[in-house]
Amino acid sequence: MNKTKRTILTLLAVAGLALAIELCVVYYNANFAVNAKPSICVINDTIDCDHVAKTVYSQFLGVPLALWGIILYLFFLTMTFVDKLQNIKLLGFLKVFKNPESYIFCIGLLSFTLSMILAGISVFAIKSICVFCVITYFIDLFIAIAAKTKGNSILSEIKISFRDFIAALKEKKYLFAFIIVVLIVAGILTYTSLTNILAPQAAEIKKAKNFMSYDYYTDKNKMGPNDASVLIHEYMDFNCQGCFVANLYLHRIINEFENVQVIQHNIPLDITCNKYMKHEGHKNSCLKARYAIAAGKQNLYWQMSDILFEPNIETESDILNAAKKSGFNISKLQEDADSDEVKNEIQENLKDAETKDITGTPTFYIGMRKQVGITSYPEFKKLIINQGGKEKQVE
């Protein structure tokens with residue numbers, strides 16, 4: 001590796017490492033430090049690193065993404081200086097890494113690709129952006145560009161990396177070391193995934209699933225007592241991951257509060273029925289909204305809601321098959337789902353959302369407070385208490 005390339009990669013990796021460490025601090029303060037002050041990345045509702053850190057999307061397999069970032073940039077730094085490090089007696093095993101630039105390129109490109117998915121989740125599900133995270137996304141891209149060997153295609157770089165990996169595993173000592181490392185990592189990730197010790201958001205979602213019941217359902221799309229003094233209006237889409245999380249939160253809220261009622265409004269982000277959509281959005285959301293409202297006519301709206309959030313429910317056939325197993329009147333369900341009355345209700349919901357300038361899901365009106373996107377359950381609960389929600393007394 002020439003001096004210029006090494007310098008560029010070092011600067012980029014150190015910058016990424018510094019940001020990843022800062023993001024770990026942000027994550028810790030947002031989720032574990034009760035009296036922590038907002039980070040410098042909290043500017044407004046849209047640019048808010050703390051909000052992003054409190055969501056389930058800020059971790060993978062129970063490990064904060066920021067911690068994964070630290071591991072990533074340490075790998076980049078190791079590969080950048082691997083030719084020097086392998087001369088150290090205890091690090092002689094690093095000689096197995098024969099084409100470090102190719103490895104850096106492949107991992108950097110993969111990281112950037114995954115980052116673009118995270119960026120989409122941040123914009124469309126969380127409704128908040130972590131500026132520090134966005135910077136690291138482009139650092140990953142620049143690292144990949146800087147590491148790429150001139151004259152090699154992307155496919156060539158991938159082939160080189162794969163070939164070296166297979167060649168290394170042919171040597172027994174490296175194969176044995178690889179197996180040991182995989183077993184250790186698998187054990188750690190199994191522990192973090194099961195305990196959620198580093199991911200309180202995931203733990204809250206798992207806990208919320210224990211509150212799923214139908215004891216509090218009232219009329220159609222309403223859940224909770226009819227004399228509730230605090231109303232939560234949720235504008236949602238059944239193909240929105242954030243709405244799935246919100247649905248679990250709302251079940252728990254109804255179980256924990258005595259004066260709260262939830263009213264769910266379907267605003268499918270699907271160009272099939274949503275005239276306000278400029279581009280294709282959530283495929284089959286209109287179909288799911290129709291069946292949810294139709295199920296409400298059998299007073300089974302929330303049972304259908306649970307079905308529609310299942311990841312394997314995509315087509316009308318999927319919906320009907322699941323509904324048959326759950327005791328729905330299928331002929332009436334289909335008839336109502338195709339009725340003008342149900343279709344008109346969706347249009348009324350969409351018009352209402354447009355009037356309120358609601359362009360994304362989930363969006364809540366908690367009493368008089370508007371909340372866009374999901375947040376942590378404790379924060380969501382605090383919003384309800386601030387609007388007059390009264391928790392049930394534990395006997």
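What volume does the second largest pocket have? About 890 Å³, taken as the space filled by probe spheres set on grid points joined across faces, edges and corners. On the 1 Å grid over the protein atoms alone, a pocket is an open set of points with protein on both sides within 12 Å along at least five of seven lines, and lining residues have an atom within 4 Å of a point.

This is a predicted model, where local features need pLDDT of at least 70 and side-chain atom pairs pLDDT 80 or more, while totals for chains, interfaces and linings use all residues. Residues are numbered from 1 along each chain as its sequence is written, and side-chain values use heavy atoms, without hydrogens or water.

**Stop one: the pocket**

Select Asp50, His51, Lys54, Ser376 and Glu379, which lie nearest the centre of the second largest pocket among its 32 lining residues. Now colour helix H16 (377–386), which gives the most to this lining, with five residues. Then colour the lining by class: 13 residues are nonpolar, eight polar and eleven charged.

**Stop two: the surface patch**

Next, select helices H7 (154–169) and H8 (172–195), each supplying at least two residues of a nonpolar patch. H8 has the largest share, nine residues. The patch, including Phe162, Phe176 and Ile188, has about 1100 Å² of accessible area together.

Finish on Val182, in helix H8. Is this residue buried or partly exposed? Val182 counts as partly exposed because its relative accessibility is 39%, between the limits for buried (under 20%) and exposed (over 50%), with a 1.4 Å probe and protein chains only.

Terms used
On a 1 Å grid over the protein atoms alone, a cavity is a set of points where a 1.4 Å probe fits but cannot get out, and a pocket is an open set with protein on both sides within 12 Å along at least five of seven lines; lining residues have an atom within 4 Å of a point. Helices (H or I, at least four residues) and strands (E, at least two) are DSSP runs, numbered from the N terminus. Ala, Val, Leu, Ile, Met, Phe, Trp, Tyr, Cys and Pro count as nonpolar, Asp, Glu, Lys and Arg as charged, and the others, Gly among them, as polar. Patches are made of residues with over 30% relative accessible area and no salt bridge: like charges are joined within 9 Å, nonpolar side chains (Val, Leu, Ile, Met, Phe, Trp, Tyr) within 5 Å. Accessible areas come from the Shrake-Rupley method with a 1.4 Å probe; for residues, only the protein chains shown count as cover. A salt bridge is a side-chain nitrogen of Lys or Arg within 4 Å of a carboxyl oxygen of Asp or Glu.
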